[in-house]
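Please consult the sequence and structure shown here alongside the text.

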Amino acid sequence: PPRSTLFPYTTLFRSEGGPALEGGVVVGGGVRLSPCSIAADPGTRIVGSRVPEAPAQTSLAPASRLAVTNSPLVVLAAPVLERGYGVATVALAQERLLREAGFRVQMISMRAGDGASPDLLRAPPMPFGFSEICRSMGAGLAIVHGPPFLTTVATVGLDIVHWEHGLVFPEFLREPYATRARRELSTRVSQCRKAGLVVCPSRTLADRLELPLARVIPNGADHLPLPVVSRNPAERILLAVLRTGPVEDQYKGLPDLLELPSRLGPRHPWTLRVVLTGPGDADRALREAGWTVFRSTSREELGRHFAESSAYLAPSRCESFDLPLVEAQRAGAAGLAYHGSAHPETCPHLYGSVEEAAQILGRWDRGGLEAAREASLHHAAPFTWENHGRALVSLVRERLTIPVTLTPVLRARTVFWRLWWAAGSAAYDLGRKCLR
């Protein structure tokens, strides 16, 4: 079929009595020849046979990479690519994984950061014309992170995969934020229906959005630089990473952090550390409660915090994956998470109340810490970017299509939308500069 590049079985072609055919793309164990290369010599006899697909590769080593030199383009679109955002971490890792697998990739974003590629295409806050611009670049698949691109997309002639990262659900918020969250939830579900496929990092998120056909591909958590540190067996360090703000303080678990020191007792052995991000002003309250507060550390400093910690506390009530929790467990900390949202999928130790959390920490201090650390490390071991990359490459091979032919009308509309994107991006940058 002209718009499909992957089949349940691979079709193997060989030529008899004719010149070698060029332009084939290696897919699994077979070679797919494009229609133009087959028609290059009408006298060549094509003999086809269908054989079972080769087993999935177990690594992304150079010898097993997909040879897609002439393959259609894969577009990766994310609203922000600045370090510190979960969506940016996933999108940048996916760009690297797809390029290592041999795919051609074009990144599109509204806000770029230090890790963005030089050929990044900037988009305005409302990226109208997204489909036309993707098709003009010869895109055979678009993977979009975040709703701005789904709001304006028209999927005619372009396969869209929506990578859902989650949102704050109304049951965790007070009014008027709960009403706003209900509207956002309804809009997000309708936007997901525009995509050809929705991917979630956890089954919990897919079920909460009522997307039974969504594919679950967990994030990786082995990207932070972890220094080699020597832990003092007698020292007990409990770490938490928390984003604060008017909305975040309602569901991120700040009350748990404020109550925990009193539940542990005046002579508890734990050194309490918390890394805060966001615009909130919980610093003073946490210091008075007994926490040592750090503000917006770099990736290297955050990796050191994870490596030095004995345990990690994740009190949030609403998480679609909780990347810092998995990062800390992979660094060797025993994970302790609130029993809710996606935490049962990413952490083996759960608590339902602050009193229960204090009891668990007490048991760990009396001799169960090493076993808890081993259990957490074993639970978080599968969450690697290598495993994420295997699932991602398999998905792209499955859905990558031959791009549609550009018509004069589509070319003219593409020119208009590119001018609109350039003007919109410039206005967006000027507005942000003025606000700062």
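## The E398–R215 pair

E398 is partly exposed, with a relative accessible area of 34%; buried denotes under 20% relative accessible area, exposed over 50%, and partly exposed the range in between (1.4 Å probe, protein chains only). R215 is likewise classed as partly exposed, at 27%. The side chains of these two residues, E398 and R215, meet in a salt bridge, 3.1 Å from N to O. A salt bridge is defined as a side-chain nitrogen of Lys or Arg within 4 Å of a carboxyl oxygen of Asp or Glu.

Because E398 belongs to helix α13 (residues 385–399) and R215 to strand β11 (residues 215–216), the pair ties together parts that are 183 residues apart in sequence. Helices (H or I, at least four residues) and strands (E, at least two) are DSSP runs, numbered from the N terminus.

## Basis of the model

The model is predicted: local features need pLDDT of at least 70, side-chain atom pairs count only at pLDDT 80 or more, and totals for chains, interfaces and linings use all residues. Residues are numbered from 1 along each chain as its sequence is written, and side-chain values use heavy atoms, with hydrogens and water left out.

## Further salt bridges

The structure holds 22 salt bridges in total. Side chains of opposite charge can pair when their charged atoms come close. R203 is partly exposed at 31%, and D207 is partly exposed at 46%.

R295 and D283 form another salt bridge through their side chains, at 2.9 Å from N to O. Since R295 is in strand β14 and D283 in helix α8 (residues 283–289), this pair ties together parts 12 residues apart in sequence. R295 is partly exposed, at 31%, whereas D283 counts as buried, at 14%.

## The parallel sheet

Six strands make up an open sheet with parallel pairing, in the order β14-β13-β12-β15-β16-β17; two strands pair if DSSP finds at least two bridges between them. At the edges are β14 (292–295) and β17 (350–351), each of which pairs on one side only. Helix α9 (residues 299–308) packs on the sheet, touching β12 (236–243), β13 (270–277), β14 and β15 (311–314), where contact means heavy atoms within 4.5 Å.

Strand β16 (residues 334–338) is joined to β17 by two bridges, and Y338 stands opposite Y351 in β17.

Note on methods
Axes fitted to C-alpha atoms, helices over the stretch in contact; angles between N-to-C directions.
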